[in-house]
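This report goes through one protein model, from its overall make-up to single residues. Please look at the sequence and the structure before reading on.

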Amino acid sequence: MSITLSCATLTSAEPTEPGGINWGELTEEEIFEISKKLVEMKNELYVEDATKGFKAYYIDKDMEQAKKHWSNARLLQDNGLTNYQLGSIYLIEGNFKQALDYFEVAVKDKDYFFKYYPQFIPITYARLGYTYWFLDRLEETQAPLEKALELGYNDDPLLFHVLSIAYYNKGMMDKTLEMLERGVAVDPNYEPLVVNLGDTYKELGQKEKAIIYLTRFLAITERPDDDPVVQAVKKDLEELKK
């Protein structure tokens, strides 16, 4: 495959919005009410820090403040939610070892996290899988990403990209192709998926489909003409059209 995953994919991304809640349109008072309803705890200090952590992360996108408040909340309640939020912050910052510690704790919290925050569970598994990937622990990447997909986390092209590479490295070409096709259906302009789908069709001897996706990659890519991937794709197209 032509493109592997770069850390910039996540470190440049804005925080996601689990559970269909549009956090960016909520006021601080509304977030506080959601926090109290979801947490269902009597610990007001915990709820206060969780509320401020939600606001800093989802609305202000201030990772330092989010880290401060979620760290405080974790001191009060070491549960799956606090660990998920801290893991997400460290993942965005590129501190993958620290992120991994938090995500691995989060997915083990069946009693609290899974009960009160089910909308966060799929993305937690997904981010656990991404973290394994960034740490070059490919064998451990597949299971959490498959779990995320099973739980309905199916609108993130990154998941299909990483899973396709995991399957490809195991020689599972049918699954590789399935992930690439599903990923392109989610985002037709996601460059790694488009070019890798073209490469996979080429490897499978399906020339016409390979030409379609490799040509599409050249049409959508923002890479310069002298980029090695662009040059390789142009060479492949020349050979395919002979």
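Is Glu 48 buried, exposed or partly exposed? Glu 48 counts as partly exposed, because its relative accessibility is 36%. In this report buried means under 20% relative accessible area, exposed means over 50%, and partly exposed lies in between (1.4 Å probe, protein chains only).

## About the model

This is a predicted model, in which local features need pLDDT of at least 70, side-chain atom pairs count only at pLDDT 80 or more, and totals for chains, interfaces and linings use all residues. Residues are numbered from 1 along each chain as its sequence is written, and side-chain values use heavy atoms, with hydrogens and water left out.

## Overall make-up

The protein has 14 helices and 0 strands. Helices (H or I, at least four residues) and strands (E, at least two) are DSSP runs, and they are numbered from the N terminus. Of the 242 residues in the protein, 48% are buried.

A contact means heavy atoms within 4.5 Å. Among contacts between residues at least 6 apart in sequence, 56% join residues at least 24 apart.

## The nonpolar core

In soluble globular proteins, nonpolar side chains tend to be buried together. A nonpolar core is defined here as a set of buried Ala, Val, Leu, Ile, Met, Phe, Trp, Tyr and Cys residues joined through side-chain atoms within 4.5 Å. The largest nonpolar core of this protein has 69 residues, and those with the most contacts inside it include Trp 70, Tyr 130 and Leu 159. Helix α8 (residues 121–134) supplies the largest share of this core, 9 residues.

Which residues does Leu 159 touch, not counting residues up to four places away in sequence? They are Ala 126, Tyr 130, Leu 145, Ala 148, Leu 149 and Tyr 153.

## A buried glutamine

Gln 85 is found in helix α5 (residues 80–93). Gln 85 counts as buried because its relative accessible area is 0%. Leaving aside neighbours within four places in sequence, Gln 85 is in contact with Phe 54, Tyr 57, Tyr 58, Trp 70 and Phe 120. Gln 85 and Ala 99 are 14 residues apart in sequence, and their C-alpha atoms are 9.5 Å apart in space.

## How α6 and α8 pack

Two packed helices are described by the angle between their axes and the distance between the axes. For helix α6 (residues 96–106) and α8, the angle is about 145 degrees and the axes are 9 Å apart. Axes are lines fitted to C-alpha atoms, for helices over the stretch in contact, and angles run from 0 to 180 degrees between N-to-C directions.

On the α6 side, the residues that meet α8 include Phe 96, Leu 100 and Phe 103, while those in α8 include Thr 124, Leu 128 and Phe 134. By class, this contact of α6 with α8 has 8 nonpolar, 2 polar and 2 charged residues. Ala, Val, Leu, Ile, Met, Phe, Trp, Tyr, Cys and Pro count as nonpolar, Asp, Glu, Lys and Arg as charged, and the others, Gly among them, as polar.

## Salt bridges

Side chains of opposite charge can pair when their charged atoms come close. A salt bridge is a side-chain nitrogen of Lys or Arg within 4 Å of a carboxyl oxygen of Asp or Glu. By this rule there are 13 salt bridges.

One of them joins the side chains of Glu 48 and Lys 52, at 3.2 Å from N to O. Both residues lie in helix α3 (residues 44–60), 4 residues apart, about one turn of the helix. Lys 52 is partly exposed, at 33% relative accessibility. Lys 175 and Glu 178 also meet in a salt bridge, at 3.3 Å from N to O. These two are separated by about one helical turn, because they are 3 residues apart in helix α11 (residues 173–186). Lys 55 forms a salt bridge with Asp 60, with the closest N and O atoms 2.8 Å apart. Elsewhere, Glu 64, Lys 67 and Glu 93 are linked in a network of salt bridges.

## Two residues with positive phi

Lys 61 is a residue other than glycine with a positive phi, near 55 degrees. Lys 61 is placed in the loop between α3 and α4 (63–76), and it counts as partly exposed because its relative accessible area is 37%.

Asp 136, which is not a glycine, has a positive phi of about 60 degrees. Asp 136 lies in the loop between α8 and α9 (142–150). With 70% relative accessibility, Asp 136 counts as exposed.
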